[in-house]
Amino acid sequence: KMEYDRDIVLTVYMEGTANPVHPYVTQVGLFAEASRLSCTLLPSEQNEIDLELVRSGERQYTIRFHGCGYSYGLAGTLFAKGLKEQCEVVDRYIKAFFDENPNVSIKINFVGQSRGGIGGLYLAK
């Protein structure tokens, strides 16, 4: 297990319903692009997490999500399908950081637009 001597900062970017996070078309994507100095956790199509990256010892991470309508089509656009799954990915990363070190402190920043902002409320629950 890795010992952390500082807090971990996790910044989550969720785009609006029909928008991709990359290439960016809104400020959310622009901000996500500007944060490239930190370690980026990109969920796979199966929403799996990268445990090797969690164990890398980095201190700053970003997770970027396309809008749920962009990723999940009509059901994502009309019914927010995928929003729960995206939040579950963030939750799994947080749990993985605590599995590596139960004493770690994680600070979470969230940037979301439109439906992505609702994702932030859902994540806070």
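Because the model is predicted, local features need pLDDT of at least 70 and side-chain atom pairs count only at pLDDT 80 or more, while totals for chains, interfaces and linings use all residues. Residues are numbered from 1 along each chain as its sequence is written, and side-chain values use heavy atoms, with hydrogens and water left out.

Helices here are DSSP runs of H or I with at least four residues, strands are runs of E with at least two, and both are numbered from the N terminus. A straight helix of 12 residues would span 16 Å at 1.5 Å a residue, but H3 spans only 9 Å between its end C-alpha atoms. The expected span is 1.5 Å times one less than the number of residues.

Within H3, Cys68, Gly69 and Gly76 are buried. Buried means under 20% relative accessible area, exposed means over 50%, and partly exposed is in between, with a 1.4 Å probe and protein chains only. The buried residues of H3 pack against helix H4 (83–100) and helix H5 (115–124).

Those two partners also meet each other. The axes of H4 and H5 come within 10 Å and cross at roughly 55 degrees; axes are lines fitted to C-alpha atoms, for helices over the stretch in contact, and angles run from 0 to 180 degrees between N-to-C directions. H4 and H5 are therefore oblique to each other, given that angles under 35 degrees count as roughly parallel, over 145 as roughly antiparallel, 65 to 115 as roughly perpendicular and the rest as oblique. On the H4 side, Leu83, Lys84, Cys87 and Val90 meet Arg115, Ile118, Gly119, Tyr122 and Leu123 of H5, where contact means heavy atoms within 4.5 Å.

Thr17, in the loop between strand E1 (8–14) and helix H1 (27–34), is buried at a relative accessible area of 15%. Leaving aside residues up to four places away in sequence, Thr17 touches a set of residues including Cys68, Gly69 and Gly76, as well as Ser114 and Arg115. Pro23 is found in the loop between E1 and H1 too, and the peptide bond from His22 to Pro23 is cis, with omega near -5 degrees.

Ala80, in the loop between H3 and H4, has a positive phi of about 60 degrees although it is not a glycine. Ala80 is partly exposed, at 22% relative accessible area. Ser114, in the loop between strand E4 (106–112) and H5, has a positive phi near 55 degrees and counts as exposed at 54% relative accessibility.
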